[in-house]
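Have the viewer open as you read.

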Amino acid sequence: MAAPNLLRHAPRNLTRRLLLKSIALTASAAGLPSWIRASQLDLGSRLSFSGADSLRAHALGRGLLYGAAVNPALLDLDGLAAGNTADPYTQLVVSQANILVAENAMKWAALRPTPTTFNFAPADRLLRFAALAGQRVRGHNLCWHEALPDWFKTVATRDNARSLLVEHIQTVAGRYKGQLHSWDVVNEAVEPKDGRPDGLRNSPWLGLVGPDYIELALQTAAAADPGARLVYNDYGIELDTAEQIAKRGQVMMLLRRLKARNIPIHAVGIQSHLRAVGPQPGIGLQSFIRDVRKLGLDAYITELDVNTRGLEGGPEAQDYAVAQIYRNYLGLVVPEPNVPVVLTWGITAAHTWLNESREEWARREDGFRQHPLPFDDDYRPTPAFAALRNAIDSARPLAAAPVQTAPQVDSNTLYRPFRVQGSPSTAPPPSTLPPTPQLQ
């Protein structure tokens, strides 16, 4: 077995001691499982990943949507339209994904340069690209406490915040009516550490509009784009740690409140920003996904990647650890019948927030770049690619999965107590339930 080329990926300031340590750790992984070894292109193999061997083809054959977050500015739209793009990022996105989501282009800060104007150019670019490539698109996101434009702090008040939110959703979701697979309507609204009995985050939207802003956003989105799947999206609910168990319970409580009030919602997004070091997802997440199905909801894996900060070893050691996490995690969640969508947060290490961020939690102490995704800096498949493709193959039949009939939900059971702070035991009187808009 040839030695891996660690020097090509090494940072310039890497010390000899760290480099030798990385080589030693990589050598210790020489006995990799066969499914990992087959994908180590630097070790002399040639793994096919295009055409029928692509993630896109394998997902399509199993009734699953696989996709990735992308930066529309990096996509060669003109080349794709002309049928002659040579851009490796564009080629990778087209060949591997059957659903895309904008990493930033559909957030408030990108769309709203001023309180009275919208910039739809990057989002429109993504829609045109996906149409040419025969791909679906997810919208991300319509309501979040982050990525707000600078003007929001001085313009938004308790008097106008409700109308700002409604106008934004009507304008944005309405512009793309009938064109999107789904919308992350509300993002990251739960934070138990903020101490509220309802588990909600003390966000600008909560302070300016009140706790019903979530219901308002979902109702407005449903009216603006009745054909889109509406999603509540959150992070930090994957592990069986005390903190994440508590947050999972608060998210479940929110979903039950929404269902009890007949608020339109179709899925919960599980972001899945995992870590190579520390606790890993387990039976608690699987039980959560099954409980979500009992509510008649799907669970989408929306932002999968693996942060390798704190993991010792160079690129090959990273690849091994990340692939194992992909394999274990996807083997846990993808077999569930209400998990029809899996997206990675990016597709290549060449363009990932974990390598672009300057935050301490994203930077490796040894200076090596992170390998969190199915493809590396050179657009070649990593072992995580093999793990992802194998998970798709093992979890779905060769024919498209049959349509699952949503369970009938008894609204009287949605307020039964369960073990989480603030869990309601009785339903509110009917007069307090907000009206549900009649959709045409």
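## Backbone details worth a look

Let's begin in the loop that runs between strand 3 and helix 8 (152–155), where A147 is found. This is a predicted model, and in it A147 has a positive phi of about 55° although it is not a glycine. With a relative accessibility of 28%, A147 counts as partly exposed. Strand 3 itself covers residues 136–144 and includes N141. The peptide bond joining H140 and N141 is cis, with omega at about -5°.

A positive phi also turns up at S272, with a value of about 70°, and S272 is not a glycine either. Its setting is the loop between strand 6 (267–270) and strand 7 (273–275). Is S272 buried or exposed? Its relative accessibility is 0%, so S272 counts as buried.

## Helix 9 against helix 11

Now to helix packing. Helix 9 (residues 161–175) and helix 11 (residues 213–224) have axes 9 Å apart, and they pack at an angle of about 30°. Angles under 35 degrees count as roughly parallel, and the two helices are therefore roughly parallel to each other. Their crossing is right-handed.

Helix 9 brings R162, L165, V166, I169, Q170, A173 and G174 to the contact, while helix 11 brings Y213, L216, A217, T220, A221 and A224. Sorted by class, this contact has nine nonpolar, three polar and one charged residues.

What does R248 touch once its neighbours within four places in sequence are left aside? The contacts are I237, E238, L239, D240, G284, L285 and F288.

R248 also takes part in a helix pairing: together with V251, M252 and L255 of helix 12, it meets G284, L285, F288, D291 and V292 in helix 13. By class, the residues of this contact divide into six nonpolar, one polar and two charged. The axes of helix 12 and helix 13 (residues 283–294) come within 11 Å and cross at roughly 0°, and the two are therefore roughly parallel.

## R309 in its loop

R309 sits in the loop between strand 8 (298–307) and helix 14 (315–333). It is partly exposed, with a relative accessible area of 21%. Beyond neighbours within four places in sequence, R309 is in contact with V277, E360, W361, A362, R363, R364, E365 and Q370. One of these, R363, lies 54 residues away along the chain, yet the C-alpha atoms of R309 and R363 are separated by 6.2 Å.

Stepping back, the protein chain has 16 helices and nine strands. Of its 440 residues, 54% count as buried. Among contacts with a separation of 6 or more, 80% come from residues 24 or more positions apart.

The chain averages a pLDDT of 87, and 82% of the residues score at least 70. Over residues 398–402, however, the pLDDT is below 50, and this stretch has ten contacts in the model beyond near neighbours in sequence. Residues 431–440 also stay under 50, and the model has twelve contacts for them beyond four places in sequence. Where pLDDT is low, the predicted coordinates should not be read in detail.

Note on methods:
Residues numbered from 1 in each chain as written. Predicted model: local features only at pLDDT ≥ 70, side-chain atom pairs only at ≥ 80, totals over all residues. Heavy atoms only, no water. Axes fitted to C-alpha atoms, helices over the stretch in contact; angles between N-to-C directions. Helix = DSSP H or I, 4+ residues; strand = E, 2+ residues; numbered from the N terminus. Parallel < 35°, antiparallel > 145°, perpendicular 65-115°, else oblique. Left-handed = near helix turned anticlockwise from the far one by under 90°. Contact = heavy atoms within 4.5 Å. Nonpolar A, V, L, I, M, F, W, Y, C, P; charged D, E, K, R; others polar. pLDDT = per-residue confidence, 0-100. Buried < 20%, exposed > 50% of the residue type's maximum accessible area, 1.4 Å probe, protein only.
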